[in-house]
Structure formats: structure tokens, C-alpha cells
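Let's take a friendly walk through a protein model together. Have a look at the picture, and then we can go through the parts one by one.

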Amino acid sequence: MSATGITTAHSVVAPTGRTRAIAGAIVIVYALITMIPLLWIVVTSFKTPDDSIAYPPKLLFTPSIEGYCNLFNTRTRQTPEYIAALPPATGQCDQLVRSRNMVIAGPSNVIPRFTNSIIIAFGSTFLAVALGTLTAYGFSRFRVPFANDLLFFILSTRFMPPIAVAIPIYLMYRAIGLTDTKIGMILLYTAVNVSLAVWLLKGFIDEIPREYEEAAMIDGYSRLQAFRKVVLPQAATGIAATAIFCLIFAWNEYAFAVLLTSGEAQTMPPFIPFIIGEGGQDWPAVAAATALFLIPILVFTILLRKHLLRGITFGAVRK
Amino acid sequence: MAEIRVENLHKAFGEFVAVRDSTFTVADGEFFVMLGPSGCGKTTTLRMVAGLELPTSGRILLGGGDVTFNRAAARDIAFVFQLFALYPHMNVRQNIGFPLKCAGMSRSEIRARVEETARFLRIDHLLDQPVSRLAGGDRQRVALGRAIVRRPMAFLMDEPLGTLDTEFRDLMVRELRELHLRIKATTVYVTHDQLEAMAMADKIAVMSRGIIEQFGTPQEIYDRPASMFVADFIGSPPMNFLAFRGGLRKGAASVRVNGADIALPEIREDRADGELALGVRPEYIRFDDASRLRGAVFGAEYLGTTQIVTVDTAHGQVKARLPADIAVNPGENVGLAFRGEKLSLFDKSSGRAIHTALIDGARHG
């Protein structure tokens, strides 16, 4: 276009070089604003505790894995004489800890908590999406009595912040013994997410022409087979997008997790603040936990990125 | 292949009656077209025959067996949809082979049958293409392939040419008719396009508001319409109606319209004075200065070999199809003459045709 220097006609829709540059600059600035905190967390996780609280903040420093060592191990303080009498250190972590006059007492709770997070977040996402897909399909394809009222009711569960019902849920859970259980947390997050899933997926399934299933049913499939073999593959985009939204909620949820879990079923969000208290303000360990905490959702989102992009703009433009 | 019998089929959605007591028979190997404006119940009828919709009452028999409440899959019919409904995540081969796969046929047999079908429809060069890359006509051929590959008892088609452009549509009309002649499959075809219906059908049922207005061959429907609705719906331009008042006597062979005696087929019923309509197709009208039925030329549409001349008369506007070389001037006073043996009479209030030698000739079965 204008790269040739000769402009014979202006397109009213194609961006010009200048608007492109401005748009690019805005995107870069915005990306920096959102990325810097994440970057800072990753950087902090590789600092020593002293570097992490240095003022002015250190941009150049010697990287250390002390944060990760402290995250994965519990330590106890010992006298230098005791440490000197020990057999030689077996690894880098051992060495780092001993240099602070401490010894490794055992593994920390981070791995079980991380596992809890994975089980609860993915479990509830799977359930919410599965229930949501079936419900949405039902609403989309059958004459459900009072369909609109029911859909409104389903949506109305999101009218208030879920935490508003925290106390009744806490009491209920205590009465039926679901406090601090993984299944309790899975059920809770599923209940919160299923309304979102139903509404998102109903939109997607409405867009799939019924003729596909009808053709399959005439060709010999049952309704359920047609649903599985014909509708599901076509709803994949919507299902992926919905799954990401549900997973992000369940993965990051903090308030219920603090209230309802303390040990057995504790997830990462309430666990991370605990780390600060274990032996002074150990910011590198907190940063290390946060950095690790980000990874699964990042991987999941990147894997489904294509679907997500198509998913949130779905229906806006005909293909 | 098999005969399809529909007996007193009724379908109501709440208050709304989509199909009212429909009864018809599609003979083995017949190409049957249900024709009517949108919302007349033709698609609902077809969907009930297919098993995609359950009737409120009535029976559907396929090859003698009652299938009224059978699942679609258990009816051994094939359905071609308006939007083709090709599975977008499968290629042409998989689409055509899908019904066979559902039936649990072996891979090699599916392969052979799919290839045979594709050759038959001349789409064998497209077998490994994704369906999203096909043109409209080819998509339609794939949809047909998926229907015929299974060799079902009957084909049901719901406006299969509705989304094609005119040129393709004419081509597909010929191909469908040719296909029908080759495989002689019992076919129920739904359309709102009278040209498609006329060109392809052995029998047509014209539907309106859930009711079959007339059932017959294309010729019968065109020449001997059973109601004003049919007369108006079929033909382009449609049949002209000259409204007049009068009584009818059995055995008479003319009616008196505004002082002019108009000859028509022998009347077979007595009727007291009432509002009537004389039905005449545009091509059965000519100009005749001697005629006492007169009007003023309103305008003319030139169509190449013919022209459609609109004439204002005391009984309403009349459109005549005349040879293109007749000179007509707007405002000119002309006399109209009709081909008597082709005229129809209707009771204006009910819209039903009055029994005449012409209409009774159409009664069959």
C-alpha cells in the first residue's frame, strides 16, 4: 500500500501504516503492564531473600534457587557446631540451607497442596463442563417446560458473589462432613461453574444445526450416539472455551478454599500465604510457589488457545 | 422400495395445528411432491414420516408395516436436508459411508459401496476432499450419495435445492429426475417451488394451512384445480378469477357474466344464487373484439416469445398470456374470449371448485 509511496486509493477499512503503528504501540504497552508483575514474580523466585527485599530493587543479581529449596522443604534452625558435625551436604539445597544455619527437616506440604489444586480444579471443571454440555443440549434441542424460567434460575445463582453464601455452605458442609475434603471442594466449584457452563454452551449448541443429529439419527444412530459422535465434535470449540473459564475460576478460587479447607484438601491459593510465615518473610519462596502455580493454567490455556479465541468471538461473524 | 401410506395424520403444537387429518398414499417407486407455501405443514408431514417428529394422532405405514412410533433409525428411510447436513468433520468418503458404518458394515464393503455410489453420482473424484471445500451442487450430490448408498425403502427430501442458485437448481432438477428414473425409489419431496414440483413429480399434493388441498398428477393440478388456493398457487402468473353473482343449473354449459354468455364444461351440480368465480389460466385468454366481456389494457410485460397483458375489467384485473407480436396499447378497450373447455368455476366463499365435466374428469380412485 503506502509502502510503495504511491497511493492511488484509500481503503476505508484496511489500516494505514500509522494507525497500525499506534495500535501496535498500545498493544505493547498494555502487554508490558500486564506482564511485568508476572515477570517480577518469576525474577523474585530466583533471588536470595536479601536481594528480594533490597531497596532500590535489584535488577541485576546472582540467581539462586534458594526460594525453590525453601518452598519444597521445611527447615529447622541449628547451632553452627551441630551443622559442622553433620556429614557433607548432599545437594545444592542442603548447602544453601546450611549456610543460613539451618538444616532440612523434611519435605514441605507444597506437593500435596499442588496435587489438591490439580485434582479439585480439573475435577470440578470436568464435571461442570460435562453437566453443562448435557443440560445445554437438552435446553437447546427439546421443548423443556418453563425453559426460559429455568435458564434464568440457573443464571440467577451467579447474581451474587458466591462467597455471600459462604456461611450457610460452611455449616452445611460441616453437618454432612464435607469440610476439608476434595470431593466437597469439587462439588462446590462445580455448582458455581455449572451455570456459566450451561449458558455458554447453550449458545454454542444452538449454533449447530439440528439437521446434523437428525441426519445421524436417520442413518442409524440413537439420540445419545448422535450427540456423542456428531454434536460433541462440533461443539469442541465451545467446550474448550468453557473449560478454560471454569478451570480459571476453580484454580484461582481463594475465599471458599480458605474457609472450607485447612489440611487434607487445601489448595494452593490458601497455602501460598502460609509460606511467608515459615521462617521470616521468605518472598523468594512465595514467588516460587506463585510461579509454579501459574504453570498449569498457562499450559492449559496455550493448548486450547486457538479454541479460546474462536470461542469468545463465536457467533459474532458467520464463517 | 416400498409404498408409503399416511392415514389421518394429525400434528398439533399446543394450540397450533400444523397438519390436519392428512391422508395420502405414495405408490411404490413414485416421485411424490408435497407443495405449498411455507408454514403449510409439508415439512412437518415429512418429518413425521421420517420419525423426527411424532404425530398427535394417525398412522404411518411403510411397506405395509406400521412405523408411526418407530425411531427414525428403525424406519429404513433416507433423508436429504435443505442444508445438506454433511458432517463438517468428515470428508466426502466418510460422509457417504456414514450410514453404512452406523449399520455396522465391514470396512471393505463400505469402501466398495461408497465408491460405487460416488461413480453413480459422478463425484468419485471428490471422495477424499473435505466437504467444506465443495461447491453447492457437489454438496447436494454428496448428500444424495449418503441417502442412496444405503438403498433404503424410501427417500425423503426437504427442499434439497432450496439453497442452490437458479442455474444449479435447474441442473439438479434434471439430475434428480434422471436419478429417480434410474433407481425408481419411492420419494417424498417437499418444496415451495411449483416449477420443481411440476418438473419432477409423478404426483403432487398441494398443501395449505395443514390441509391437503389437492392430490393429483401435475397436469390435473394445473388444469383442474380443486380449489381457488391451488389455482392461485400454481402457475405463473396464476389463474385469473372473474368474480360474478349467479345461480347454476345441472347440465348447463355456460354462465352469464355481466351480460356475456361464457361457454364452459358441463356443470354437474345445482346451485342457488351466490358469489362465484370463473377461473381462467392466462394462456386460455385471447383478444376478441366481438366479445361482450370488455376491459381496458393496463400494461404489458414482454417475455420474449410471449407477453403478459394486464386488463382491467369490471370483475377485477385479468392477466392474459398472448403472443409477443400482438400490439397492445395501454388504455385500449379490448374484448376478452376464453377457451371454454379449460375454464373452472369456484364457489367464492368456500374456495372449492364446482363440479363440472372438467373437474370430475380428474376424480380418480
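How many helices and strands does chain A have? Chain A has 15 helices and two strands. Keep in mind as you read that this is a predicted model.

## Chain A as a whole

Let's begin with the overall shape of chain A. Its radius of gyration is 26 Å, while the globule rule gives 20 Å for 319 residues, so chain A is more spread out than a compact globule. Along the principal axes, the C-alpha trace of chain A spans about 80 × 75 × 40 Å.

Now for the inside of the chain. Of the 319 residues of chain A, 32% count as buried. If you take the contacts in chain A between residues at least 6 apart in sequence, 75% of them join residues at least 24 apart.

## Two helix pairs in chain A

Find helix α11 (residues 223-252) and helix α14 (residues 283-303) of chain A. How are these two helices arranged, roughly parallel or roughly antiparallel? They pack at an angle of about 175°, with their axes 11 Å apart. Angles over 145 degrees count as roughly antiparallel, and α11(A) and α14(A) are therefore roughly antiparallel to each other. On the α11(A) side, the residues that meet the partner helix are I244(A), L247(A), I248(A) and W251(A). On the α14(A) side they are I297(A), F300(A) and T301(A). The residues of this contact divide into six nonpolar, one polar and no charged.

An α-helix has 3.6 residues a turn, so residues three or four places apart point the same way.

The other pair is helix α6 (residues 110-141) with helix α9 (residues 182-207) of chain A. Their packing angle is about 40°, and their axes are 6 Å apart. The crossing of α6(A) and α9(A) is right-handed. The residues of the contact between α6(A) and α9(A) comprise 17 nonpolar, nine polar and three charged.

## Chain B as a whole

Let's move to the other chain. The secondary structure of chain B comes to nine helices and 20 strands. Its C-alpha atoms fill a box of roughly 75 × 45 × 35 Å, taken along the principal axes.

Chain B has 365 residues, and 44% of them count as buried. Among contacts in chain B with a separation of 6 or more, 65% are between residues 24 or more positions apart.

## Helix α2 of chain B

Is α2(B) mostly covered or mostly uncovered? This helix is mostly covered, with nine of its eleven residues buried. The buried residues include V92(B), I96(B), F98(B), L100(B) and C102(B), and R93(B) is also one of them. What covers the buried residues of α2(B) includes α3 and α4 (136-148) of chain B. After α2(B) comes G104(B), whose phi is positive, near 80°.

Now see how α2(B) sits against helix α3 (residues 107-120) of chain B. The two pack at an angle of about 125°, with axes 9 Å apart, and they are therefore oblique to each other. α2(B) passes α3(B) in a right-handed crossing. From α2(B), the contact is made by R93(B), I96(B), G97(B), L100(B) and K101(B). From α3(B), I110(B), R113(B), V114(B), T117(B) and A118(B) take part. Together, the residues of this contact divide into five nonpolar, two polar and three charged.

## Where the chains meet

How many residues of chain B are in contact with chain A? The contact joins 17 residues of chain B with 14 residues of chain A. On the side of chain B that touches chain A, β6 (77-80) and α2 (92-102) each supply at least two residues. The residues of that side divide into 16 nonpolar, one polar and no charged.

## A closer look at A337(B)

Finally, pick out A337(B), which lies in strand β19 (residues 333-338) of chain B. Is A337(B) buried or partly exposed? A residue is buried if 20 or more other C-beta atoms lie within 10 Å of its own; A337(B) has 18 other C-beta atoms within 10 Å, so it is partly exposed.

Leaving aside its neighbours within four places in sequence, A337(B) is in contact with R286(B), D288(B) and S291(B). The C-alpha atoms of A337(B) and I267(B) are separated by 19 Å, and these residues are 70 residues apart along the chain.

Methods:
Residues are numbered from 1 along each chain as its sequence is written. Chains are lettered from A and ligands numbered from 1 in the order in which they are written. This is a predicted model: local features need pLDDT of at least 70, side-chain atom pairs count only at pLDDT 80 or more; totals for chains, interfaces and linings use all residues. Two residues are in contact if their C-beta atoms, placed from the backbone, lie within 7 Å. Helices (H or I, at least four residues) and strands (E, at least two) are DSSP runs, numbered from the N terminus. Ala, Val, Leu, Ile, Met, Phe, Trp, Tyr, Cys and Pro count as nonpolar, Asp, Glu, Lys and Arg as charged, and the others, Gly among them, as polar. Axes are lines fitted to C-alpha atoms, for helices over the stretch in contact, and angles run from 0 to 180 degrees between N-to-C directions. Angles under 35 degrees count as roughly parallel, over 145 as roughly antiparallel, 65 to 115 as roughly perpendicular and the rest as oblique. A crossing is left-handed if the near helix is turned anticlockwise from the far one by less than a right angle, and right-handed if clockwise. A residue is buried if 20 or more other C-beta atoms lie within 10 Å of its own, exposed if 12 or fewer, and partly exposed in between; C-beta atoms are placed from the backbone. The radius of gyration is taken over C-alpha atoms; the globule rule is 2.2 Å times the number of residues to the power 0.38.
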